[in-house]
Structures are given as C-alpha cells and as structure tokens.
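Work through the exercises below with the sequence and the model open. Each task is followed by a solution in steps.

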Amino acid sequence: MPELPEVEALRDFLDDHLVGKEIARVLPLAISVLKTYDPPPGALEGATVTSVARHGKFLDIEAGQLHLLIHLARAGWLQWKDGFPTAPPRPGKGPLALRAVLTGGDGFDLTEMGTTKRLAVHLVHDPADVPGVARLGPDPLADSFDRDAFATVLAGARRQVKGALRDQSLIAGIGNAYSDEILHVAKMSPFKLTTSLGDDDITHLHHAMRTTLKEAVERSRGVAAGRLKAEKKSSMRVHGRTGQPCPVCGDTVLEVSFSDSSLQYCPTCQTGGKQLADRRLSRLLK
Ligand SMILES: [Zn+2]
C-alpha cells in the first residue's frame, strides 16, 4: 500500500504534469471506484488543474473549483500515459479503474490489482466533504507537528504504539510498512502502550518518525511512478523482511500478527531479545 512518502512522490509528479493543464474527460471504469455522483465526472471537462495536494494518503487534484480526491488503498496505483488508444476502454475488465485524459492527449490511469476493490475516488466541492479526509489527524511532516504536539496526540490514546502510529485519525499518512520502520529506528516494541511512554521515549519516537518519513520522501522524489513500489520495498529495514538479518544488529527479523495483518520487528533492537506473542491467538485460547 502506498503510504505518505509514495503518495507525496506521486503528488510531486502530478504537480509537475497536471497543473495548468486542461482536463478533457474523466472516465470511471470500475463499477465502485467513484464514491460520489454529484457533481458528475463530466463537471471536470474543460476545467484547468490549479493544484495537486496531499492529505494523509489521499491525493487531491483541484480543477475548476472542484476536488478529485484519490485514495489508492492497498492495491491501487497511478500510471502516467503519454497517450491513449482511440478506442474507448471496456468498463469492468481487468485492473483499470479510472482514466483521466488531458486535452493534450496525455493523462493517467488508476489501476487496482486483485478482486478486493478498495480504490476510492471522490469528486467534491470541498476535500472535507470526504469522511476519510475530514477525520485525518495532523500530518507528521508538518512544521507544527513538533515533539509536544506528538506527545499530546499520544496522550489522548491508550493504545499499542504500533496501532497509534497507523491510526489515520491520530496521525495522517503512516501505514503498516512505515510504522514498522519507525519503531525499528526508535528501538521500541510495537506492543508498548502509548500511555507508558516516558518523555525520552516520546522524543526518540518523534525523531524516528520524522527522519524515517523525510528520508523516504527524499528517496521517492523524482523516482518514476512505476518504480516507486520497488524503491519502497528495497529500502525497508524490517518491514516485509521476516527471516532476514536485521541491518543494524544481524539478528533475525521476526513477524507477529497485528490487527488485520502482520508486523515485523527485530527482537534484539526492539524487545530486549524477547519474541512477541500472537495476542490474537492467545486470546482465543483463554
Ligand atoms: Zn536489530
């Protein structure tokens, strides 16, 4: 799933390629991709793109007083096209979810692999009209999100720190991959409770969050959209690297179930050498 750094790189790319350009048509092709019906996609025809913003993991393309909000979800992606075939695409076939064509003939496709369709596009007058955007917490890279602002967010949530980091309503843009990476950099157990964090823990975690995300944004910037996923995967320290050596200490990276997926961590760096128990399983056995 693309997270803050990849979405920021896409935003940067689209800012270069879309701003000042006129939209010829927007064609929703997957049945459920467009979540709004008023205004209709035809309202964008002839509108000039004025900005491309990011809210958490959402892209926001502003054109003609309207906002096209895109959430790529787990398996969605954006592919830039210098041109399109003249024959219209057949709706409902394959991964193609939405096509946006500029009057210059170029544009982009949104695609989604797999059978679970979560990619979501909203066309609204105000980004806050999209519930997923309205409930977003602060952006972790915003200048105002300093160590004390982070402490306030954590103090309001008695949670395992892994869950808090990826809760979009607490902090916007971090998902399963970068929360694993941030916790590894901070040398902190993913199961540690937010309410048990000391002042130094919060300072270290805030620093780890900012540096991990900033470095990932720098790495991703300028990488072609098609290579972003490979770039993300190759730069991971523990996420998705179960059974491989920790790049810091050489211990074997372990995996444990968490929420709807699994997380990876290094026992030596993060849990004092202890293997984390699968809480879901132990709860079932009680
Ligand atoms: Zn390690």
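**Exercise 1. The largest pocket**

How many nonpolar, polar and charged residues does the lining of the largest pocket have? Then find which elements supply the lining.

Solution. The model is a predicted one.
- Step 1: The largest pocket has a volume of about 1100 Å³, and 43 residues line it.
- Step 2: Sorted by class, the lining has 13 nonpolar, 16 polar and 14 charged residues.
- Step 3: Nearest the centre of the pocket lie Met 1, Lys 57, Arg 74, Gly 175 and Asn 176.
- Step 4: At least two lining residues come from each of strand S8 (120-124), helix H4 (161-165), helix H5 (176-185) and helix H7 (228-234). H7 gives the most, with 4 residues.

**Exercise 2. Strand S7 and its partners**

Determine whether the residues of strand S7 are buried or exposed, and identify the strands that pair with S7.

Solution.
- Step 1: A residue counts as buried when its relative accessible area is under 20%. In S7 (residues 107-112), 6 of the 6 residues are buried, so the strand is largely enclosed by the rest of the structure.
- Step 2: In a regular strand, side chains alternate between the two faces of the sheet. From S7, Gly 107, Asp 109 and Thr 111 point one way, while Phe 108, Leu 110 and Glu 112 point the other way.
- Step 3: Strand S5 (residues 76-81) runs antiparallel to S7 and is joined to it by 6 bridges. Across this pairing, Trp 80 stands opposite Phe 108.
- Step 4: Strand S6 (residues 96-102) also pairs with S7 in the antiparallel sense, over 5 bridges. Here Leu 98 has Leu 110 as its bridge partner.
- Step 5: S6 and S7 make a hairpin with 4 residues between them. In the turn, Gly 105 has a positive phi of about 100°.

**Exercise 3. The zinc site**

Which residues coordinate the zinc ion, and what is the geometry of the site?

Solution.
- Step 1: The zinc ion is coordinated through the SG atoms of Cys 246, Cys 249, Cys 266 and Cys 269, at 2.2 to 2.4 Å.
- Step 2: Along the chain these donors follow the spacing C-x2-C-x16-C-x2-C.
- Step 3: Four donors count as tetrahedral if all angles lie between 85 and 135 degrees. The angles among the 4 donor atoms are 97 to 115°, and the site is tetrahedral.
- Step 4: Cys 246 has a relative accessible area of 4% and is buried, whereas Cys 249, at 36%, is partly exposed.

Terms used:
Residues are numbered from 1 along each chain as its sequence is written. This is a predicted model: local features need pLDDT of at least 70, side-chain atom pairs count only at pLDDT 80 or more; totals for chains, interfaces and linings use all residues. Side-chain values use heavy atoms; hydrogens and water are left out. Buried means under 20% relative accessible area, exposed over 50%, partly exposed in between (1.4 Å probe, protein chains only). Two strands pair if DSSP finds at least two bridges between them. Donors are N, O and S atoms within 2.8 Å of the metal (3.2 Å for Na, K and Ca); water is not among the atoms, so sites may look incomplete. Four donors count as tetrahedral if all angles lie between 85 and 135 degrees; four count as square planar and six as octahedral if opposite donors are over 155 degrees apart and all others between 65 and 115; anything else is irregular. On a 1 Å grid over the protein atoms alone, a cavity is a set of points where a 1.4 Å probe fits but cannot get out, and a pocket is an open set with protein on both sides within 12 Å along at least five of seven lines; lining residues have an atom within 4 Å of a point. Grid points are joined across faces, edges and corners, and a volume is the space filled by probe spheres set on the points. Ala, Val, Leu, Ile, Met, Phe, Trp, Tyr, Cys and Pro count as nonpolar, Asp, Glu, Lys and Arg as charged, and the others, Gly among them, as polar.
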